[in-house]
Amino acid sequence: MSIQVFGLPVSRGVAIGRAVLVASSRVDVAHYFIDDSKVEDEISRLRVARDAVAGELMALKRDLPHEAPAELPALLDVHLMLLHDEVLTGATKQWIVDRHYNAEWALSAQFEVLARQFDEMEDDYLRERKADLEQVVERLLRAMSRGPSSSFAPAPGPASATRDFGGEDPLVLVANDIAPADMLQFKRSVFTGFVTDVGGRTSHTAIVARSLDIPAVVGAREASRIIRQDDWLVIDGDAGIVIVNPSPIVLEEYRFRQRQSELERARLSRLRHTPAITLDGERVELLANIELPQDAPVAVEAGAVGVGLFRSEFLFMNRDGELPGEDEQFEAYRAAVEAMNGMPVTIRTVDIGADKPLDRMSVNELRHEHALNPALGLRAIRWSLSEPAMFRQQLRAVLRASAYGKVRLLVPMVAHVSEARHTLEALARAKQQLAEAGRAYTDIEVGAMVEVPAAALILPSLLRIFDFVSIGTNDLIQYTLAIDRADETVAHLYDPWHPAVLKLVAQTIAQARAAGKNVSVCGEMAGDPAFTELLLAMGLRSFSMHPSQISAIKQRVLRTDARRWAARLEQILHAEDPQAVCAELHAVISGAPSGAAAMLAV
Ligand code: PEP
Ligand code: MG
């Protein structure tokens, strides 16, 4: 029977595929396909790991101290029995043979199947054996990571292009949660869609999913409990619905929609090299948000005229506590700058914290684990200023990259003038260090992110210090409405149309323009076509978004008469329901035939 699971739509389009359930703790297990010739090698890696773990367990049992509790040898026997049970290793082998999963993935897949069976057991004792099974699987995974790794590298390129050995079923990943850092590894993965139980629309997991440009639904609460390994799934990334084991008619309908949306994307991509100019002749800058230097060529290909936000913190994740040094960061920034071919690259200093922790090994992660409310804690510029040596290292790396193209520096989460001043002092010190070392750099513009209401409210002071501002609507909404952007239980209250949010955005744009300073929006609002006309009406001429959104926004820009929308701005900003007013105006200004529209509008 087909079931529907409801969540939040975070990345558009339709994905159809078989479910791969992954426990959150194991999302970082490598997931890739092996080709026919490597099946035996993978089985042998599994066998070697199993023998190694058996050796470990027997040694543990042999060396147990006399005073050890009597249950311990029995427990180790249970682990040994589970290890040798065909249901674990035999069936894992089958995943390798039938599906061509790499050994770690095959083992995790089989664990998910067995864990579900344990959960459903009536007998408490047997149900609790799941924890033992989990420990055995952990040991096996650890043994595999120590042993020789697979000689078959994960296939590069987009997810859909990774299965080239047999036209098998596409796969969709289902997990309780995926950390932003883990999501990043799926940039080169085999999955054609994602579903998670937790997360909000602008959580960083959702943002990275959107940057992958594959359909995703987050905050689907019970999804990973309801969906079973291998179920057929339809992910409707526009509506935020997951259909489990759809009927043939529903499947056909979604296949049709999938083809339509592919055609629409192909049509839009033809706008790639068209300049973004409104009907009334206003030139608009469409920039890209990137997470890694490898995203820069994708941005160029999508028609971006620069990078408006390089989220440098992604370079700091998945590193087992060892942060990237100055040279490594410099190489990454230089790679992005060179890929952009003279177009500007706006590098944001690390925005670690809140829902973007470093990995578990680091001291700072530990600090965050203890923070009562990490979104209000030591994150972004607060974190950087609390780690002066690390901060100057990053600033030197950014400055050095400026010798290779146009670089701008962006400071996240500024709320105090003192933070601005301390940042500029650190920058001056970094320049001095470079000069002393004889390293080349150029003078770079420095901008502030306006993403805390306090920054919007003291903007004139910040505009005296900074060269430009960029509005981070994701956080501005979070902090204005006091809604944790990553918490699906309050996601219905996370409202980008809230009049308070729109007033802060409009006021920031107007004040920056009046001061003659460049202003852009780099939050998700910039890539949402529902806001394009309104932002243009507010006077915004610089939008930064995921490369995949550029064509759709450009189409909107090309069809907008910014002057006519500007004439209605006050009406929208003073409305109780600005979204409804915008929808009405849209029908009048953009939708109706020109004669009627002209009569009804301005
Ligand atoms: C924002 O807050 O809008 C923003 C662009 O920064 P991030 O999403 O990385 O917090
Ligand atoms: Mg932010």
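Let's start with one helix. α18 gives the most to the lining of the largest cavity, supplying three residues. Keep in mind as you look that this is a predicted model. Along with α18, the strand β10 also supplies at least two residues of that lining.

## The largest cavity

Rolling a probe the size of a water molecule over the atoms shows where empty space is left. Here the count comes to four cavities of 30 Å³ or more. The largest cavity holds about 70 Å³ of space.

Sorted by kind, the lining residues are three nonpolar, five polar and seven charged.

What takes up the space of the largest cavity? The answer is ligand 1. There are 17 residues around ligand 1, and those that come nearest are Arg311, Arg348, Gly472, Asn474 and Arg485.

At least two residues each come from α7 (204-212), β10 (307-311) and α18 (473-481). Of these, α18 gives the most to the shell around ligand 1, with three residues. By kind, the shell residues divide into four nonpolar, five polar and eight charged.

## Contacts with ligand 1

Now zoom in on single atoms. In the side chain of Arg311, an N or O atom is 2.7 Å from an oxygen atom of ligand 1. Arg348 has a polar side-chain atom 2.8 Å from an oxygen atom of ligand 1. For Asp475, an N or O atom of the side chain is 3.0 Å from an oxygen atom of the ligand.

How much of ligand 1 does the protein cover? On its own, ligand 1 has 290 Å² of accessible area, and the protein covers 100% of it.

## Putting it together

Then look for α18, which gives three residues to the shell around the ligand and three to the lining of the cavity.

Technical notes:
Residues are numbered from 1 along each chain as its sequence is written. Chains are lettered from A and ligands numbered from 1 in the order in which they are written. This is a predicted model: local features need pLDDT of at least 70, side-chain atom pairs count only at pLDDT 80 or more; totals for chains, interfaces and linings use all residues. Side-chain values use heavy atoms; hydrogens and water are left out. A residue is near a molecule or strand if one of its heavy atoms lies within 4 Å of it. A polar contact is a pair of N or O atoms within 3.5 Å; within protein, one must be able to donate a hydrogen and the other to accept it, and residues adjacent in sequence count only if both atoms are side-chain atoms. Accessible areas come from the Shrake-Rupley method with a 1.4 Å probe; for residues, only the protein chains shown count as cover. On a 1 Å grid over the protein atoms alone, a cavity is a set of points where a 1.4 Å probe fits but cannot get out, and a pocket is an open set with protein on both sides within 12 Å along at least five of seven lines; lining residues have an atom within 4 Å of a point. A molecule sits in a cavity or pocket if more than half of its atoms lie within 2 Å of its grid points. Helices (H or I, at least four residues) and strands (E, at least two) are DSSP runs, numbered from the N terminus. Ala, Val, Leu, Ile, Met, Phe, Trp, Tyr, Cys and Pro count as nonpolar, Asp, Glu, Lys and Arg as charged, and the others, Gly among them, as polar. Grid points are joined across faces, edges and corners, and a volume is the space filled by probe spheres set on the points.
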